[in-house]
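Subject: Structure handover

Hello,

Here is the structure for you to look through. My notes follow below it.

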Amino acid sequence: MQTMDKLTKTTAFSNPTYDNLADAPFYLFFKKETFLLDVPHYHDSIEIIYMIHGKAKTYVNGTSYEFSEGDISICNTQQVHFYENYPQEKLAFCVVLSHKYTHDFRQVHKDTAFPSLLTNKEHNAKIYALLTEWFNLENRTFLTDCAYANLLLDMLVKLYGFSDMKAINPLNATAIELVNYINENYANPLTLETAAKHFGYSTEYFSKMFKHAVGKNFLSFLNTTRAQQAKKMLTASDRKLSLQEICTACGFNNTVSMYRNLKRLQIAQDLILD
């Protein structure tokens, strides 16, 4: 396996699993969401989800956690993660903080990580009050957002402290290498067997390792990645490729397979498939 340093230095911005938008210097995502991103991805920004009502499941570092009303899920920097959305209605505060909003905090608290799941309702009520105040603030500026971001992080430290970085990141380098491999090869006739051979493992061992590290099985993640790329190409404003050309470019054997995977992700109905 490659080291984390090699992985992070060689990750290309075109890699759909590395969310480079979230790592733009002044990126701040702070919204109330009813759908949480269900594709494995990672970024250097800190991601905090407060469940207002409903529930979901988060996968991070090879571990899954179900969280419901009043719970908080945190993804620390460079952690591969995604969410499973249940059919029931939900609403969550979603906060993604890039380096510009966390610079001072990171200078004080270097090489630290928050616990992935926070369930103390009394503590979280205080965090919810701060998020609500921040969310309802009128005429927000970069300085006010920085202030609230650091107040939020400081409150998390005082209420919960930190986790051991070594304990919280046992599979992260492996997960990043695996998802990067698929993103670099999804257009090819990739199979579980060829991937296992590439990494020097038996098919059975590799299949189990992939599911444990990433949180999705190999074929599911591969088809999800292909479908997401097909969606981008089909909806591009300057689209020049035909449906069959896009199908081939994304690694699908035929258009029926591509449409089936788009439909499974509930994104086919919005696309122009002609």
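Lys208 forms a salt bridge with Glu204, and the closest N and O atoms are 3.5 Å apart. (A salt bridge is a side-chain nitrogen of Lys or Arg within 4 Å of a carboxyl oxygen of Asp or Glu.) Lys208 and Glu204 sit 4 residues apart in helix 8 (residues 203–214), so about one helical turn separates them. Both are exposed. (Buried means under 20% relative accessible area, exposed over 50%, partly exposed in between, with a 1.4 Å probe and protein chains only.)

This is a predicted model: local features need pLDDT of at least 70, side-chain atom pairs count only at pLDDT 80 or more, and totals for chains, interfaces and linings use all residues. Residues are numbered from 1 along each chain as its sequence is written, and side-chain values use heavy atoms, without hydrogens and water.

The structure holds 5 salt bridges. Among them is Lys158 with Asp154, at 3.1 Å from N to O. These two lie 4 residues apart in helix 4 (residues 142–160). Lys158 is exposed at 66%. Asp154 is partly exposed at 30%.

Arg140 and Asp145 form another salt bridge, at 2.8 Å between the closest N and O atoms. Arg140 is partly exposed at 32%. Asp145 is buried at 8%.

Now the sheet. It is open, with 3 strands in the order 4-3-6 and antiparallel pairing. (Two strands pair if DSSP finds at least two bridges between them; helices (H or I, at least four residues) and strands (E, at least two) are DSSP runs, numbered from the N terminus.) Strands 4 (63–68) and 6 (81–85) are at the edges with a single partner each, so one side of each has no neighbour in the sheet. Strand 3 (residues 55–60) pairs with strand 6 over 5 bridges. Thr58 has Tyr83 in strand 6 as its bridge partner.

Best wishes
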